[in-house]
Amino acid sequence: MRIAVSGTHSQGKSTFVRDWIKRHDHYIREEEPYRALHQEGYDIRFRQESTRLHNGIQMYYNISRLMNYQEDSDCVIFDRCPVDYIAYSQYTANHRTTDINDEFVESLAERVRDSLQKLDLLIFLPITNQWPIAMENDGIRPIDLPYRDEVDAIFKQIYREKRFSVMPINNPPVFIELWGAREDRLNSLEQAIQREKNKRI
């Protein structure tokens with residue numbers, strides 16, 4: 001299965017990916033694009049400082065890694081999804097502080113839509129009242145709550161209200177929202193994968 005984990009920052013995506021790898025060590029873990037590019041010396045900014053270059057390079061890195069896995073039998077889990085860079089770009093466009101505007105965000109949709117055909121499962125980790133997750137300061141990610149909340153709201157518009165129409169018509173990934181305790185989320189994904197395997201038999 002080719003799986004991508006999507007959502008705003010500090011919602012437990014990286015923890016979820018690490019937990020999945022511990023339980024399923026035959027899976028390949030694909031690093032979050034920001035962290036991979038940061039290690040290579042790229043100075044990528046967030047919030048109102050993001051530019052077309054900052055978000056574009058992350059999105060195309062993410063897509064290029066995704067394209068390495070062409071077979072349904074590949075077992076890989078991505079920390080982030082190409083959709084994420086639409087959400088973060090829209091946040092910056094809303095604040096009108098850089099060269100990112102609504103037209104630029106709209107221009108990303110077709111490329112993202114095409115790339116999602118290479119995924120089997122797309123996992124969205126939303127902010128929920130049922131299972132709040134505290135903000136962690138790891139020295140890298142932004143730690144202000146309004147920023148996280150505003151980006152989460154854009155993700156919900158994309159996934160729940162079909163903003164930007166990111167899901168491909170042909171070969172769309174199975175979409176799942178997950179929240180709750182770490183073990184519960186893993187169990188839910190395992191059940192979803194088993195359902196998909198049963199459909200293919």
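**Surface, fold and aromatic pairs of a predicted chain**

The accessible surface of the chain comes to about 10000 Å², and 46% of this belongs to carbon and sulfur atoms. Areas come from the Shrake-Rupley method with a 1.4 Å probe; for residues, only the protein chains shown count as cover. The model is predicted: local features need pLDDT of at least 70, side-chain atom pairs count only at pLDDT 80 or more, and totals for chains, interfaces and linings use all residues. Residues are numbered from 1 along each chain as its sequence is written, and side-chain values use heavy atoms, with hydrogens and water left out.

The chain holds 7 helices and 5 strands. Both are DSSP runs numbered from the N terminus (helices: H or I, at least four residues; strands: E, at least two). From the N terminus on, the order is β-α-β-α-α-β-α-α-β-α-β-α. The C-alpha trace spans about 50 × 35 × 35 Å along its principal axes. Buried residues (under 20% relative accessible area; exposed is over 50%, partly exposed in between; 1.4 Å probe, protein chains only) make up 48% of the 201 residues.

Asn 62 lies in helix α3 (residues 52–66). Asn 62 is buried, with a relative accessible area of 3%. Leaving aside residues up to four places away in sequence, Asn 62 touches Pro 33, Phe 78, Arg 80, Cys 81, Pro 82 and Tyr 85.

Rings of Phe, Tyr and Trp (its six-membered ring) pair if their centres lie within 6.5 Å; planes under 30 degrees apart count as stacked, over 60 as edge-to-face and the rest as tilted. By this rule the count comes to 11 aromatic pairs. Tyr 88 and Tyr 147 form an edge-to-face pair, 6.2 Å centre to centre with 70 degrees between the planes. This pair links distant parts of the chain: Tyr 88 is in helix α4 (residues 83–95) and Tyr 147 in helix α6 (residues 145–160), 59 residues apart. Tyr 88 is buried at 9% relative accessibility. Tyr 147 is buried at 2%. Phe 124 and Phe 175 form a stacked pair, 6.4 Å centre to centre with 25 degrees between the planes. Phe 124 lies in strand β4 (residues 121–124) and Phe 175 in strand β5 (residues 174–177), so the pair ties together parts 51 residues apart in sequence. Phe 124 is buried, at 0% relative accessible area, whereas Phe 175 is partly exposed, at 29%. Ring pairs link Tyr 88, Tyr 91, Phe 124, Tyr 147, Phe 155, Tyr 159 and Phe 175 into a cluster.

Definitions and conventions:
Contact = heavy atoms within 4.5 Å.
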